[in-house]
Amino acid sequence: MCAPPKMAETDNTNTNKQTEGLLEQILSDANIDKAYKQVKRNKGAGGIDGMQVNELSHFLKDHKEELVKSILEGKYRPQPVRRVEIPKENGKTRKLGIPTVVDRLIQQAITQVLSPIFEKQFSDNSFGFRPNRSAHDALRRCQKNITDGYVYVVDMDLEKYFDTVNQSKLIQILSETIKDGRVISLIHKFLRAGVMVKGLFEESLEGVPQGGPLSPILGNIMLNECDHELERRGHRFVRYADDMMIFCKSKKAASRTLEHILPFIEGKLFLKVNREKTTVAYVNKVKFLGYGFYIYKGEGRLKIHPKSIQKLKDKIREVTGRSNGMGIEERRNKLNQIVRGWTNYFKLADARKLLESLDGWVRSRIRMVTWKRWKKIRTRFENLKKLGIPKQKAWMWANTRKGYWRVANSPILMQALSNERFKRAGYLSFIEYYSVK
């Protein structure tokens with residue numbers, strides 16, 4: 001998935017209310033009902049208790065009052081999250097913590113009430129997991145900074161950000177705005193709920209478990225401190241969750257900026273900066289949200305980063321592999337889904353030539369898997385004839401000993417399985433989808 005999820009706008013909370021009665025707002029029927037609908041929409045797997053999202057409505061019918069009462073009385077105890085490890089492109093894994101469905105509901109209810117309160121405090125340079133803001137908005141802001149002459153960047157990498165957030169510091173920051181101690185206590189319980197790893201309980205003394213509705217807003221609240229410090233120092237920057245780029249006019253200024261902001265991030269916020277991955281570079285050397293940058297006639301422009309193309313190709317290889325057990329229709333639907341999602345996300349880039357060559361490569365992959373499927377000589381011969389290839393040529397190619405990829409790129413298969421035929425069969429093309437966007 002390329003595009004990160006957008007956060008829904010929250011409008012059911014009067015942010016001018018004194019925050020002492022915040023817990024009652026969180027537990028109001030209207031807010032719980034809205035949270036239930038959002039959890040249901042998000043779907044997702046169950047937590048350690050095995051309860052699934054579709055069982056939540058029955059649970060609430062029978063136990064909602066009891067649940068609300070236990071939270072109001074401070075007796076509610078969130079269950080540990082279920083550890084899931086998602087592979088990252090660098091070969092490492094991202095640790096996710098999947099809360100139980102009931103804990104997700106309460107986290108969602110808290111998020112809906114906190115969001116409009118903290119939105120007023122959040123920086124205009126922060127774009128991740130916020131209402132009516134997206135990765136595309138962040139990229140457009142980067143373009144503007146580059147066009148304005150800020151062509152060197154500090155590409156900041158916070159090491160395992162969500163796993164290393166200092167909980168005491170986060171609670172202190174929350175307490176400056178939230179005056180209802182019961183809400184602070186409830187959030188603290190979620191932070192300290194622990195993790196179940198292969199059936200064994202592990203304490204969570206630091207970090208914000210990724211995977212629950214509460215982690216994006218808590219992550220933003222913590223890094224908002226860094227945003228305001230950068231603004232106070234007059235820097236131009238763009239932040240999307242824990243991805244941050246500080247824009248400067250010269251390499252020297254960028255190096256100085258990095259040197260001066262490190263003590264704040266590490267000494268005041270107790271976060272760890274990955275020195276190896278944090279770089280000072282000219283804009284055309286960095287990757288941000290899957291995109292790369294370049295300058296044309298003084299204007300900041302966007303391109304698709306080579307790593308994003310590689311990732312796409314790996315995904316397409318998987319779908320067009322012979323051993324994945326997919327039928328023709330399932331494969332076509334899956335490919336179309338990839339074309340739609342990927343092109344929608346990368347539509348800001350200048351990519352016509354790249355997408356044309358990608359289309360050619362994808363069609364060769366489909367020809368190759370089709371040729372593999374026509375395993376026997378007789379099948380290949382009959383199918384080539386049906387597709388308009390003269391009998392003699394069809395027999396010759398049906399008997400070829402050339403490798404699959406060479407046959408896929410041969411004039412004979414390009415004629416038999418033409419681009420027009422793919423179009424009629426319902427295959428989407430990157431360039432056509434990009435052109436109508």
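Begin by selecting strand E8 (residues 279-282), which runs antiparallel to E3 and is joined to E3 by 4 bridges. The model is a predicted one, in which local features need pLDDT of at least 70 and side-chain atom pairs count only at pLDDT 80 or more, while totals for chains, interfaces and linings use all residues. Residues are numbered from 1 along each chain as its sequence is written, and side-chain values use heavy atoms, with hydrogens and water left out.

Strands (E, at least two residues) and helices (H or I, at least four) are DSSP runs numbered from the N terminus; two strands pair if DSSP finds at least two bridges between them. Within this pairing, valine 154 stands opposite valine 280 in E8.

**The hairpin**

Next, display strand E3 (residues 152-157) together with E7: 6 bridges join these antiparallel strands. Methionine 156 faces methionine 244 of E7 here.

How many residues lie between E6 and E7 in their hairpin? There are 2, and alanine 241 in the turn has a positive phi of about 55°. This residue is not a glycine, and its relative accessible area of 8% makes it buried (buried means under 20%, exposed over 50% and partly exposed in between, with a 1.4 Å probe and protein chains only). Strand E6 (residues 236-240) has 4 of its 5 residues buried, so it is largely enclosed by the rest of the structure.

For another positive phi in a residue other than glycine, select phenylalanine 129, where the value is near 50°. Phenylalanine 129 lies in the loop between H4 and helix H5 (135-147), and its relative accessibility of 23% counts as partly exposed.

**The open sheet**

Now turn to the open sheet of 4 strands, whose order is E2-E1-E4-E5 and whose pairing is mixed. Strand E2 (93-98) and strand E5 (200-202) stand at its edges with a single partner strand each, so one side of each has no neighbour in the sheet. Strand E4 (residues 195-197) pairs with E5 over 3 bridges in the antiparallel sense, and methionine 196 is placed opposite phenylalanine 201 in E5.

**Aromatic rings**

Rings of Phe, Tyr and Trp (its six-membered ring) pair if their centres lie within 6.5 Å; planes under 30 degrees apart count as stacked, over 60 as edge-to-face and the rest as tilted. By this rule there are 13 aromatic pairs. Select tyrosine 161 and phenylalanine 162: their ring centres are 5.0 Å apart and their planes meet at 70°, so this pair is edge-to-face. Tyrosine 161 is buried at 2% relative accessible area, and phenylalanine 162 is buried at 8%. Then select Tyr291, Trp342, Tyr345, Phe346 and Phe430, which ring pairs link into a cluster.

**The largest cavity**

A cavity is a set of points, on a 1 Å grid over the protein atoms alone, where a 1.4 Å probe fits but cannot get out; lining residues have an atom within 4 Å of a point. The structure has 2 cavities of 30 Å³ or more.

Which residues lie nearest the centre of the largest cavity? Of its 15 lining residues, they are Pro99, Gln107, Phe190, Pro209 and Leu214. To finish, colour helix H4 (101-119), helix H8 (181-191) and helix H9 (215-232), each of which supplies at least two residues of this lining.

How values were computed:
1 Å grid on protein atoms, 1.4 Å probe; cavity = no way out; pocket = protein on both sides within 12 Å on 5 of 7 lines; lining within 4 Å. Points joined across faces, edges and corners; volume = space filled by probe spheres on them.
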